[in-house]
Amino acid sequence: MTSLDEHGGRQIRPGKIFSEDHNKPAVAVTPRSEERVLEEFDLDYAFGPSNGISRLMRWERAQRLCLNPPEEVRRIILQHGSDSKYNESLWNRHISGIK
């Protein structure tokens, strides 16, 4: 049985996707992997070029320029410290041959 909110609409639990048939069970949404989040940041030109600087430097530059870079990116980078897999952009890793 699906519960209704005060406006008569179906209540949706965060992190769940419902099929058109509301009697079917919900399927959990899997979060994006940390690497995928960083790759999306690398490929988003809205935050400026990424060649020649670390991801953290790029994030900080975008923040200074009021471009609103995702806080999640900064958190991931800082969580992994100097690990080049997390701090070097796809471009820089490609150029230097880092895997």
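This is a predicted model: local features need pLDDT of at least 70, side-chain atom pairs count only at pLDDT 80 or more; totals for chains, interfaces and linings use all residues.
The crossing of helix 2 and helix 3 is left-handed. On the side of helix 2 the contact is made by R55, L56 and W59, while helix 3 contributes E71, V73, R74, I77 and L78. When the residues in this contact between helix 2 and helix 3 are sorted by class, five are nonpolar and three are charged, with no polar residues.

One aromatic pair is found in the structure. This pair is formed by F41 and F47, whose rings adopt a tilted arrangement, with a distance of 5.3 Å centre to centre and an angle of 35 degrees between the planes. F41 has a relative accessibility of 2% and therefore counts as buried, and F47, at 9% relative accessibility, likewise counts as buried.

The loop between helix 1 (34–43) and helix 2 contains S50. With a relative accessibility of 11%, S50 counts as buried, because the cut-off for burial is under 20%. When the neighbours of S50 within four places in sequence are left aside, the residues in contact with S50 are D42, R58, S89, W91 and N92.

Conventions: Residues are numbered from 1 along each chain as its sequence is written. Side-chain values use heavy atoms; hydrogens and water are left out. A crossing is left-handed if the near helix is turned anticlockwise from the far one by less than a right angle, and right-handed if clockwise. Helices (H or I, at least four residues) and strands (E, at least two) are DSSP runs, numbered from the N terminus. Contact means heavy atoms within 4.5 Å. Ala, Val, Leu, Ile, Met, Phe, Trp, Tyr, Cys and Pro count as nonpolar, Asp, Glu, Lys and Arg as charged, and the others, Gly among them, as polar. Rings of Phe, Tyr and Trp (its six-membered ring) pair if their centres lie within 6.5 Å; planes under 30 degrees apart count as stacked, over 60 as edge-to-face and the rest as tilted. Buried means under 20% relative accessible area, exposed over 50%, partly exposed in between (1.4 Å probe, protein chains only).
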